[in-house]
Amino acid sequence: MGFFRRKDTETLPLTLRLASSSTFLWFGAEMWVRPEMWYAWIPSAVFPYIPGGNLDMFIYAAGLVAFLIGACLVTGRWVREAALIGTLVLAAGSILATFSQVGIRDVALMGLCLATAVQADQSAKKRLPDGWFGMIVGLYMLYMFIFGVMFLRAAPIPS
């Protein structure tokens, strides 16, 4: 029962970690159990860059990375690093989703991962240099703006 009896100062980091880890754990496991479901999310322009052209191995590797990110976030080990790598993975995913609703979800999850990384950095023994997260968040906001414009431009005009 001690898990649910936490100080308020511990609630935010725990909530951020669990919220961001859930997606990575779910999708990581899903990529291993049903890799064929993920074929449609990989644009054909990416196929030449997949080593050996083995789509299943590429999806298994992506699933392993996603699962490891989620596991780090749940266990509280290497949280800052996992959240930053998760942000990069989600940025790649949102670009590959070609400005769809799935990409919008990934952009929002990127913000959640960044918030998790900032929170983890505040309690880290060796913090990142001052201004580093300000620059990252500024780039994230620029990415959100560009992604939003591209999403609106790609949306069909109702007739």
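Colleague: What makes the meeting of the R127 and D121 side chains a salt bridge?

Modeller: The N to O distance between the side chains of R127 and D121 is 3.5 Å, and a salt bridge requires a side-chain nitrogen of Lys or Arg within 4 Å of a carboxyl oxygen of Asp or Glu, so the pair meets the rule. This is a predicted model, in which local features need pLDDT of at least 70 and side-chain atom pairs count only at pLDDT 80 or more, while totals for chains, interfaces and linings use all residues. Residues are numbered from 1 along each chain as its sequence is written, and side-chain values use heavy atoms, with hydrogens and water left out.

Colleague: How many salt bridges does the rule give, and which residues are linked in a network?

Modeller: The count is five salt bridges, and R80, E81, D121 and R127 are linked in a network of them.

Colleague: Why is D121 called buried?

Modeller: Its relative accessibility is 2%, and buried means under 20% relative accessible area, with exposed over 50% and partly exposed in between, for a 1.4 Å probe and protein chains only; D121 therefore counts as buried.

Colleague: What secondary structure does the chain have, and why is α3 described as roughly parallel to α5?

Modeller: The chain comes to five helices and zero strands, where a helix is a DSSP run of H or I with at least four residues, a strand a run of E with at least two, and numbering starts at the N terminus. Helix α3 (residues 79–96) and α5 have axes that come within 13 Å and cross at roughly 20 degrees. Angles under 35 degrees count as roughly parallel, so α3 is roughly parallel to α5.

Colleague: Where does F147 lie, and why is F147 called buried?

Modeller: F147 lies in helix α5, and because its relative accessible area is 3%, F147 is buried. The C-alpha atoms of F147 and S94 are 8.8 Å apart in space, although the two residues are separated by 53 residues in sequence.

Colleague: Which residues form the nonpolar patch on the surface, and why does M135 count as partly exposed?

Modeller: The patch consists of M135, L139, L142, F145, I146, V149 and M150, with about 660 Å² of accessible area together. M135 is found in helix α5 (residues 132–154), and its 46% relative accessibility makes M135 partly exposed.

Colleague: What is the phi of W78, and where is the place of W78?

Modeller: W78 has a phi near 55 degrees, a positive value in a residue other than glycine. Most residues other than glycine have a negative phi. W78 sits in the loop between α2 (55–75) and α3, and with a relative accessible area of 55% W78 is therefore exposed.

Methods:
Patches are made of residues with over 30% relative accessible area and no salt bridge: like charges are joined within 9 Å, nonpolar side chains (Val, Leu, Ile, Met, Phe, Trp, Tyr) within 5 Å. Accessible areas come from the Shrake-Rupley method with a 1.4 Å probe; for residues, only the protein chains shown count as cover. Axes are lines fitted to C-alpha atoms, for helices over the stretch in contact, and angles run from 0 to 180 degrees between N-to-C directions. Angles under 35 degrees count as roughly parallel, over 145 as roughly antiparallel, 65 to 115 as roughly perpendicular and the rest as oblique.
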